[in-house]
Every structure is written in C-alpha cells, then in structure tokens.
Amino acid sequence: MYIGIDVGGTSTDAVLLSNGRVQATAKVYNTPNNLLSDLVQALDTLMKGVTADEIERVVLSTTVITNLIAERKNDPVGLLLMPGPGCKLQLYKKPNVHLLSGTIDYKGREITPVVEEEIIAAIDDFDSKGIDKVAIVGKFSPRNNRHELQVADIVTKLKPNWQVEMGHRDGGKLNFPRRVATTLFTCATKEKYQSFVYSVQQALRQRHINAQVFILKADGGTMPLESSIQSPVETIFSGPAASTLGAQALTPAGETSLVIDIGGTTTDLALILSGQPLLSSKGVMLDDQFTQVRALAVKSVPVGGDSIVEAVGKELIIYSERMGKPYCLGGPLPTPTDALNVMGLTKLGDIDKSWAAMEVLSQQTQRSPVEVARNIIDLFVDTVVTEIENMYLEWEQEPAYRIWEVMQSRKMRTKNVVGVGGGAMGFVPQIAIKIGGIPIISPYATAANAIGAAVAKPTMQVTLRADTEQKVYSIEEYGYQGKIEATPFGRDQALNLAKKWLLDRAAAIDIGDQIQEIEVTRQDVFNIVRDMQTTGRIYDVCVQTVRGIQWHVDAGGRLI
C-alpha cells in the first residue's frame, strides 16, 4: 500500500492507495504551528484497519515553501557576492547585498584574492540589521570554489551560529544570476523546511511506519526526504507538481489538459500534452528571478479560496495574503470561499457566517450581498483567466510545446480543463467557459495532490564531479569521494560511472527493479589549464531516473 500526503497552506490531504485504487482519503485543516498533530490526524484517518507494516512507501508534496515565498514570509538573507568584472552590477545594488573583491576566471584561476576587511564590514552590517542567514556566491565558483570557502570560513568563525550557504553547493551549474537566486532561496527556506521534515519524521515514527519516505521535486521526480534537507529549493514547486501528476492519474492516458489547482492560498496552473506534463526549459522563476531548479512548466497565482477580500471605497480587492481560514470556518475576514457559499456553489462550514461576511462588504460597497459574492467570484475568475492567457504565451515558447504543436499539424489549445483542489468545483466550470474549454472534475479532485504524490514513480538523482588532474571523483548526494581508476577517463566514462552509482543506490533501497530508463539532466566539461597547458578536465554529470506516474487511478493497478 502507498500513502501520498500533500501539505498545503490551508489543509493537509492524504490518500491510501492499494493496487492502484483509492482505499481511503483524509483532509485535515492545518492548525498554526502544529503540523505534527495535523499529520498524525491524517494518518489515523487513513489507516483504520491497516497495519503500519502494510505501508510500502510514503511520498509527500508540499506548498509550504512555495507559499512562504509567494506571501514573502521567507527569512531575510544577506548576500555576499563576488561577481568579478563583466556583470551588470546594477542588478545587485539592493539592501542586504555586499559586492566583494575576489575574482575567479572562467577557467577556474584566481585573478584577485578576497579582502577580509570587506567581509568583516558586511558581517557587521548584517548583524546590525538582525540578519543571521548569509548566501555566498562567486561568479565561477562551480569551477573553483576557493573564494566561497574562504568567505564562509570567515563568517563562520565570527558568527558560528549563523546559517551559511554557498553557491557551488546549491547551484552547481554556471549562470551567475540563477545561481545567486537558487542559493538565496535555499538559505531563506532551509530552517523552516527542516522543521517540516522533522514533523513528518515524528508523525511517521509515532505511527510506527518504517516505509521508504520520499518527497516530490519541482520536476515531478522524487528524492529521499532526509536528503532533501540539503536542497529544499528543489521541493519548492512540489505541490504544483503533485497536482499535475494527480490530474494525469485521474484522466485517461494520452490526454491533453490544462490543469487548474485551486487551493486555499494559491491557484496553480500546469499543462499536460498528450499525457506528459510540460517541463520548463528555463527552470523555476521565483520572485521574478530564474533559478537553477528544474521544474514542470507551472505557475502559482497568489490567489486562492482563502485569500482575503476587502472593500476599498466601493471597489472589491482580493489580496494575495491569506490570514487563516475562510470566515465560514472561523476565519477573520471574507474570502472567495465565502462568496461561493453564498452563491450556492459550495457548502463549506457555517453558511450563515458567509452571508454575514458578504453583508459587511455590501454595506461598504452599497451592493446587495449576492451582488458582492458574484463580483468576488467574477474578480477571482478574471484574475485566473488573465494568468492562463499569460501562461499560454510562455508555454508556447517552450521547445517541447512547439514540437507537440508540429506533431498536431495545427495550432490549437487544449479543450480539457481539469480542475483539482478544494475550490475546483466552484471556480473551474466558470473559468473553463470563459476560455472556451470543457471542465473536467474528478470525484477525487479534492485529493488530487495527494494522489499525485502517491502515484509518482520513485526516482533518484546522482551528481558526479570528476577531476582527471587529481584523479578523484565525488558523489554530491552521498558525500562520497573516490579515486578514478579508469584510464583513459573521458565524458563517456564519467557518464557511465554516474549511471552505475545511480543503479547501485536504487538497488540499495529496493527500487532497482522499477528503473526502466535513465535521463541525463546535466553534463558539463571544462579544461584545467596550468602554465598554458591542459593538465586535466573537470566533468560535472547529473543523472536521474525518468519521472512519471505508476498508474492511472482506478485502472486496476495497471502499470503504464
């Protein structure tokens, strides 16, 4: 039996699958700062009549980190950057950013050293502002991390309790701006993510579940929960990835669908082309900054069923902020969910409270409660439709979309509009009508995220870095360092070594028989030059098992 758990900003949804069929579902509205209790409650609902040793695998997804960033509640971070010459420095002339001396060139050679006095001055500045998290990034640190290590060493000696992240560890590829963004968000979210992981581990331990535990990544792959602590940014869009896989599992194989996941805090958009989720070629964009995180082509719109609604003069405004539950469930302010209740499109909580919430707004806007509710729903639908149109313009630029379009022999947009999430029933039919689509809402729509997590194929990733001059290689995920034995050692040998590690590690956790194919997600090589001669090469290779779903739900447990 498999368990899928989606920890959203509003609720924790869970599902128990057996032979590809849904055996039980659970929904627990989150209580502030008590995730452990919510998880235990969800597990207890699922496991009535089921023993812990029957659980083979647990997979989680979460929008916790996504929501932190969308609502700008992530921790403040000080940036120490060594951009060297040639960068557009105006991009980094912001508060809490210090540009330091220290230059490594594109071949990994030191051109100018770091200056300790500059680092100490930056630390004093951060300290005076109460900042205790620091991201350190050098322009060519993937080719020589010496300067990042030197700066980190000084910060740690002076402030041993500060959290320090370095660009060469959090974003191994070249592209300075994206590595800066990736390291920044890793630093800003790691502490809260550790708390999330601890709560999950405690809940499973309390219910004596010793199964393998994975978490979804933004690209729909999975990684072991424990190792995800080192790279929480990889899980940033795991919630949208789960809803996409869930929609894929709840629709027939090969379908092309627009996926709209309406949660309490955000509305997530994704596209499935001929049965396969569209992958972004650019990586995740967070706070208007591209990162190095590989992800499905999803968009999180910062409005959801629990977004607060206020009247400003006679105008109604839906804010991106969520202040808690909808008014009908005891929340402090009117929300779009209350508007759905008043219009009879949902039946959630105390309907009279939803009417009371609309009454307050009606007095301010001089409209009837029904008109207010109708206006809120229209405002919500128009906001999402606008974002869908914007997102289609972005999707149409993706190479995979263009290839798909050529194969269709005509320009077209999908008719299927698959709604998932708690607000799907109320909003998605109206959104579908506005864009000329056909709404599809499964009976399991409210548990789609948890289903997506449960059916996700177990995947693994191995990142190998080999230095032929030193004749050593390392495996990033496991902290292993070994000697290069093969002679000669080139690109093919590096790739084969990475694949061997991947298969060995998969076999070690009993998923080796589920690996049908391996994909290469990164492959870089550059020369080591000393005294005008090439003395070796550095190979950076990242491989992972192919992403996807194991079953279509209620298809009799058939593998696809």
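The accessible surface of the chain comes to about 24,500 Å² (Shrake-Rupley method, 1.4 Å probe). Carbon and sulfur atoms hold 50% of that surface. This is a predicted model: local features need pLDDT of at least 70, side-chain atom pairs count only at pLDDT 80 or more, and totals for chains, interfaces and linings use all residues. Residues are numbered from 1 along each chain as its sequence is written, and side-chain values use heavy atoms, without hydrogens or water.

**Overall build**
- The chain has 14 helices and 27 strands, taken as DSSP runs (helices H or I, at least four residues; strands E, at least two) and numbered from the N terminus.
- The C-alpha atoms fill a box of roughly 80 × 55 × 55 Å along the principal axes.
- Of the 560 residues, 54% are buried, meaning under 20% relative accessible area with a 1.4 Å probe, protein chains only.

**Contacts and charge**
- Of contacts (heavy atoms within 4.5 Å) between residues at least 6 apart in sequence, 66% join residues at least 24 apart.
- Side chains number 56 positive and 63 negative, counting Lys and Arg against Asp and Glu, with His and chain ends left out.

**Thr 414**
- Thr 414 sits in the loop between α11 (399–408) and β21 (416–420).
- Thr 414 is buried, at 12% relative accessible area.
- A polar atom of the Thr 414 side chain lies 2.8 Å from the backbone oxygen of Thr 256.
- A polar atom of that side chain also lies 3.2 Å from the backbone nitrogen of Asn 416.
- Beyond neighbours within four places in sequence, Thr 414 contacts Thr 256, Ser 257, Leu 258, Leu 271 and Tyr 392.

Technical notes: Buried means under 20% relative accessible area, exposed over 50%, partly exposed in between (1.4 Å probe, protein chains only). The place of a charge is taken as NZ of Lys, CZ of Arg, CG of Asp or CD of Glu. A polar contact is a pair of N or O atoms within 3.5 Å; within protein, one must be able to donate a hydrogen and the other to accept it, and residues adjacent in sequence count only if both atoms are side-chain atoms.
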